[in-house]
Amino acid sequence: MRRNTHWDNRLWTVGGYRNWCELADLFEPHVKQYDIEFATHRVAYVVSNHLEALIVVAGALRHDLDFMVIPLERCSTPMEQRLALAGFSVYVVCDNLFVSTVAVKGEPGRITLITSGTTGEPKFVEHSWLSINTFDRVKPGAKYDWIVPYQVGTYAWFQMVALSISVSEQGLIPMSTNDLTHLFEEAVIAGASAISSTPTFWRMAFMQIEESLIRRIRLRQITLGGEVVDQKILDALRMQYPMARVSHIFASSEVGACIVVNDGLAGFPAKLLQHDDTRTWQIRIDQGELWVRSRYAASDVIDWINTGDLVTHNGDRIFFVGRSDQTMINIGGNKAYPGDIERLLLSHPNLIWCRVYAHKAPLLGYLAAADVCLRPGCEITEAEKILTQYCEIHLPDYAVPRIWQFLDNIPVTDNLKAELKCVQNRTCSAR
Amino acid sequence: MERIKIKKMMDAILIKLGRDAVHDENTELRDLGFRSLDFSELALRVEMEGNSELYFDAAALRRIRTVADVLDFLEEASRAA
């Protein structure tokens, strides 16, 4: 198979495995273990750690299987039911056991990803190795050992695997994000030189970790994705890691990775809207929404896809301003936009993170509400007053958040994105 | 909900907005700068505290002019909830 040639002699520097073939070999007993018929079926491999996941991916690619990998902690009973409905047999790798079987023939080479579920229930998104691997045209460059904090089986995780397989000298250091201090300590020991993560990951790190520890990692490449990247987080990273290149990437499970920005500024240059045949993707703006056409899109995407991201053109730059499905709060007939309010709040020096949403309210229908995390050391008692008055200066009165919740930690999904919040009902308790 | 508790909530909203707390319940709302947004927030906070939705009598609502009217109204609405 053509794709087998991709993983010869690629180093994976962690765990003592020298290359992807070696990992693929470890998968062979599993193939022999089950009825040969099932090798042609659609299988969800339940894994208990990154190494198992990497073994599965290497082996499944070698055999051109129809598969997905899913971490044990996400494989609840409802998830098993969803997998069965989607035609997956479920195989628990550490037990060498099928826990459920569905007699559905697979499509060779189909790889199913699971989304992080930022906006609701996780979705299954179908790809192939050719669409996942956005690094097929990348020339070998600097050697990096990457911290991989993403959850197994997601698009971002597969991107890191593809990078390591396709580009020489890109090592992976898979890590749990349960304890960020531990992650940073381990990253120092492992000699990590690069990291791909979300803005939320860094906001949490800046809240929880001593600055001296943050600076001890000798990062030379920082890649951000998965969420809107604001100027504040770019500037904070530049200050902590002056030697690192900071990139941000627009990517999603459906459209794949496309826009890459390396100039240290939020948003992306407007000139990227011009058609360019040398690129693997094109973008356009239609009624304020960003549309993408990419050769790395999911299998069922054959043309332009509406990303659902709202953008605004400002000079020679395009900025993300919110999601089309969560854009407006109707406050007694006035329209307030959570993205605008969030951007203003994030410009306040006391704030490290926020999310703004609609809260049902008597008489006016809705009021704006905000969940926020303050910078460590900021006093919470006066914070509501300070932030309210700050908003009053810059926003119309109806757009000023009325209900505030001060959180100790940023609520995150398993894949390091901040959880979004839908409309809150009137009797939800809040501060 | 007790009237004094509603009054404290009202004061908290006014202070948060950089205005003075209520000293005289006969003060007119427009003199206090207490707007419909503020009233909605106060009613919402009363709901949250009581963990139940309030039901409003539209006619009574239209008659509200002073701080005392607000307190009477919300006290009654929370009792009925």
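Mentor: Two residues are in contact if their C-beta atoms, placed from the backbone, lie within 7 Å. Please keep in mind that this is a predicted model, in which local features need pLDDT of at least 70 and side-chain atom pairs count only at pLDDT 80 or more, while totals for chains, interfaces and linings use all residues. Residues are numbered from 1 along each chain as its sequence is written, and chains are lettered from A and ligands numbered from 1 in the order in which they are written.

Trainee: What share of the contacts in chain A between residues at least 6 apart in sequence join residues at least 24 apart?

Mentor: In chain A that share is 66%. For chain B, 69% of the contacts with a separation of 6 or more come from residues 24 or more positions apart.

Trainee: Which radius of gyration does each chain have, and what does the globule rule give?

Mentor: The radius of gyration is taken over C-alpha atoms, and the globule rule is 2.2 Å times the number of residues to the power 0.38. Chain B has 12 Å, close to the 12 Å that the rule gives for 81 residues, so chain B is as compact as a globular protein of that length. For chain A, a compact globule of 431 residues would have a radius near 22 Å, and the value of 22 Å agrees. Along the principal axes, the C-alpha trace of chain A spans about 65 × 45 × 45 Å, and the C-alpha atoms of chain B fill a box of roughly 30 × 25 × 20 Å.

Trainee: How is burial read, and what percentage of each chain is buried?

Mentor: A residue is buried if 20 or more other C-beta atoms lie within 10 Å of its own, exposed if 12 or fewer, and partly exposed in between; C-beta atoms are placed from the backbone. Buried residues make up 43% of the 431 residues in chain A and 32% of the 81 residues of chain B.

Trainee: Why is strand E1 of chain A described as largely enclosed?

Mentor: Strand E1 (residues 42-47) of chain A has 6 of its 6 residues buried, so it is largely enclosed by the rest of the structure. Both faces are covered, with A:Arg42, A:Ala44 and A:Val46 buried on one side and A:Val43, A:Tyr45 and A:Val47 on the other. Strand E5 (residues 110-114) of chain A is also largely enclosed, because 4 of its 5 residues are buried.

Trainee: In what order do the 3 strands of the open sheet with mixed pairing stand?

Mentor: The order is E20-E21-E22 in chain A. Strand E20 (351-361) and strand E22 (403-406) stand at the edges with a single partner strand each, so one side of each lacks a neighbour in the sheet. E20(A) runs antiparallel to strand E21 (residues 365-374) of chain A, joined by 10 bridges. One bridge sets A:Lys360 against A:Tyr366 in E21(A).

Trainee: How do helix H3 and helix H5 of chain B pack?

Mentor: Axes are lines fitted to C-alpha atoms, for helices over the stretch in contact, and angles run from 0 to 180 degrees between N-to-C directions. Helix H3 (residues 36-50) and helix H5 (residues 67-80) of chain B pack at about 35 degrees, with axes 11 Å apart. B:Phe39, B:Leu42, B:Ala43, B:Val46 and B:Gly50 in H3(B) meet B:Val70, B:Leu74 and B:Ser78 in H5(B).

Trainee: How many residues does each chain bring to the contact between chain A and chain B?

Mentor: Chain A brings 17 residues and chain B brings 18 residues. On the side of chain A, helix H11 (residues 383-394) gives the most, with 4 residues.

Notes: Two strands pair if DSSP finds at least two bridges between them. Helices (H or I, at least four residues) and strands (E, at least two) are DSSP runs, numbered from the N terminus.
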